[in-house]
Number of protein chains: 2
Amino acid sequence: MTEGREPPARRRDAAATRAALLAAATELFNERGFDRATVRDIAERAGVNQALLFRYFGTKDELFALVIANRSRELINSAPPERLVGRTLDLLLDPDSPKRSANPLVALLRSSSHDEAAAAIRAELGDEYTGALAALTGAEDADVRAVLVLAWLLGIGLLRSVLPTEPLASADPQAVRDHVLRAVRTLLERVDIRPGE
Amino acid sequence: MTEGREPPARRRDAAATRAALLAAATELFNERGFDRATVRDIAERAGVNQALLFRYFGTKDELFALVIANRSRELINSAPPERLVGRTLDLLLDPDSPKRSANPLVALLRSSSHDEAAAAIRAELGDEYTGALAALTGAEDADVRAVLVLAWLLGIGLLRSVLPTEPLASADPQAVRDHVLRAVRTLLERVDIRPGE
DNA sequence: CGGCAATGTAAGCGAGTGCTTACAACTTGT
DNA sequence: ACAAGTTGTAAGCACTCGCTTACATTGCCG
């Protein structure tokens, strides 16, 4: 895992530090949201000088946009639409990923409104996600229904990250998943309820 | 509206400025969350010197706690449990209250984790709200179901305040309310679906 | 009135923020 | 091997934040 192939493990490696910064930023934005994740913290977690963050990403805003775009697309493409809700729930409820991996959209929400660029990304990704979900119903107001489902997932992720003591943390993920999926089927009749993976 | 009765409208009035600060803080915490609502902005909107904020409330944290406690209790007591979800939805979806009145719990969530005092309040109010909701089902895991419903309401409020262009803004509030309530009945069989007020 | 607490004001302190700059250390192509 | 470009480092600048302090003004009560 330390070194792979081609370049014989250089001691100075731009690509590696860039990746380390990206990983650290992903974690911290998820854990704390945009405002409370400082560039110094990100650089420190990456084990890297903070000036490099600006060399490689230009701005904290740009870094944030990159992180969100990456992880959101990744999530949206990780399952077919019928299983997207279930898949997202699995990630949100996975106790092994209290911070690290799961919830890019939650990080987005948690970072209130800060600049226009990020706002555009927000809208775009929201559209992408709800677009996928809206295909799961024949109802006229498919988009409204899809947005409502998205809102639920976001709320669950947020609550879990803000109130770690809530019953959600200790509840059986399968049972929670089941509750949500059955309720969601009221809105999107074609969602797949079976356990995924 | 300017002056009521007893004290003949004093030019210097501690109670009045305290109230102005509280109102301004309520608005700004709702609009921007804890971090981005600065004490300078709050004081300015209240038309008051910012030092007074600290004289009357001690700390930004304490002011926040007060605002949240006030408005949450107000909300929870504004309807019997069977109608609490519907009532909250009405407030969240009311287009006339994009910022001002409706969503104390949303403001809470939007303010990520900042200090232990607020965290305690968060937990306490969450318990209060979910306690009311949990009474609406006979299921064993009533608390989990209640938390899921709370999460949905929070998600809806957050999405609405962060993506004002979403279909939620232009959708018919009654229809949205109906969708959510019917889905929620999957979890809490005793919720009242009829339009309130 | 005169004294005093209550109320309001102006200025700034210390800490933390995003970001920049000037420079050292390394790697590489020739 | 050596210059040139790349990568890493240390320091600090300009700004904003929550909060404090020292001082002016007002209203109240004997």
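Is B:Asp192 buried or exposed? In the predicted model described here, B:Asp192 has a relative accessible area of 15% and is therefore counted as buried, the cut-off for that class being under 20%. The side chain of B:Asp192 meets that of B:Arg194 in a salt bridge, with an N to O distance of 2.6 Å. In chain A, a further set of salt bridges with shared partners joins A:Glu27, A:Glu31 and A:Arg45 into one network. A:Glu31 is placed in helix H1 of chain A, which runs over residues 14–36, and at a relative accessible area of 18% A:Glu31 is classed as buried.

Over all chains, a search of the whole structure returns 24 salt bridges. One of the pairs is formed by A:Arg83 and A:Asp192, whose closest N and O atoms are 3.5 Å apart. This pair links distant parts of the chain, since A:Arg83 belongs to helix H5 (residues 81–93) of chain A, whereas A:Asp192 lies in the segment after H10 of chain A, 109 residues apart. The two partners fall into separate accessibility classes: A:Asp192 is buried because its relative accessible area is 15%, while A:Arg83, at 24% relative accessibility, counts as partly exposed. Another salt bridge, in chain B, brings together the side chains of B:Arg190 and B:Glu189, with an N to O distance of 3.9 Å. Here B:Arg190 is partly exposed at 44% relative accessibility, and B:Glu189 is likewise partly exposed, with a relative accessible area of 40%. Such pairs accord with the general principle that side chains of opposite charge can pair when their charged atoms come close.

Helix H5 of chain A also holds A:Arg87, a residue that is partly exposed at a relative accessible area of 27%. The C-alpha atom of A:Arg87 is separated by 8.6 Å from that of A:Leu75, a residue 12 positions away along the chain.

In the interface, 38 residues of chain B are in contact with 38 residues of chain A, and the two chains bury about 3600 Å² between them, of which 70% is on carbon and sulfur atoms. On the side of chain B, the residues that lose the most area to chain A are B:Arg36, B:Trp152 and B:His179, which together make up 18% of what that side buries. The polar part of the interface includes 2 salt bridges between chain B and chain A, and 8 residue pairs are found in polar contact across the interface, both residues being at pLDDT 80 or more. In one salt bridge, A:Arg36 pairs with B:Asp35, the closest N and O atoms being 2.5 Å apart. The elements of chain B that give two or more residues to the side touching chain A are helix H1 (14–36), helix H6 (104–110), helix H7 (116–134), H8, H9 and H10. The largest share of that side, 14 residues, comes from H8(B).

Helix H10 of chain B comprises 13 residues, 173–185, and reaches 18 Å from its first C-alpha to its last, close to the 18 Å expected at 1.5 Å a residue. Buried positions in H10(B) are B:Val176, B:Arg177, B:His179, B:Val180, B:Leu181, B:Ala183 and B:Val184. The cover over these buried residues draws on both chains and includes helix H8 (142–162) and helix H10 (173–184) of chain A, together with helix H5 (81–93), helix H8 (142–162) and helix H9 (167–170) of chain B.

Terms used. Residues are numbered from 1 along each chain as its sequence is written. Chains are lettered from A and ligands numbered from 1 in the order in which they are written. Side-chain values use heavy atoms; hydrogens and water are left out. Helices (H or I, at least four residues) and strands (E, at least two) are DSSP runs, numbered from the N terminus. The expected span of a helix is 1.5 Å times one less than its number of residues. Buried means under 20% relative accessible area, exposed over 50%, partly exposed in between (1.4 Å probe, protein chains only). Contact means heavy atoms within 4.5 Å. Buried area is the accessible area (1.4 Å probe) that two parts lose on being put together, summed over both. A salt bridge is a side-chain nitrogen of Lys or Arg within 4 Å of a carboxyl oxygen of Asp or Glu. A polar contact is a pair of N or O atoms within 3.5 Å; within protein, one must be able to donate a hydrogen and the other to accept it, and residues adjacent in sequence count only if both atoms are side-chain atoms.
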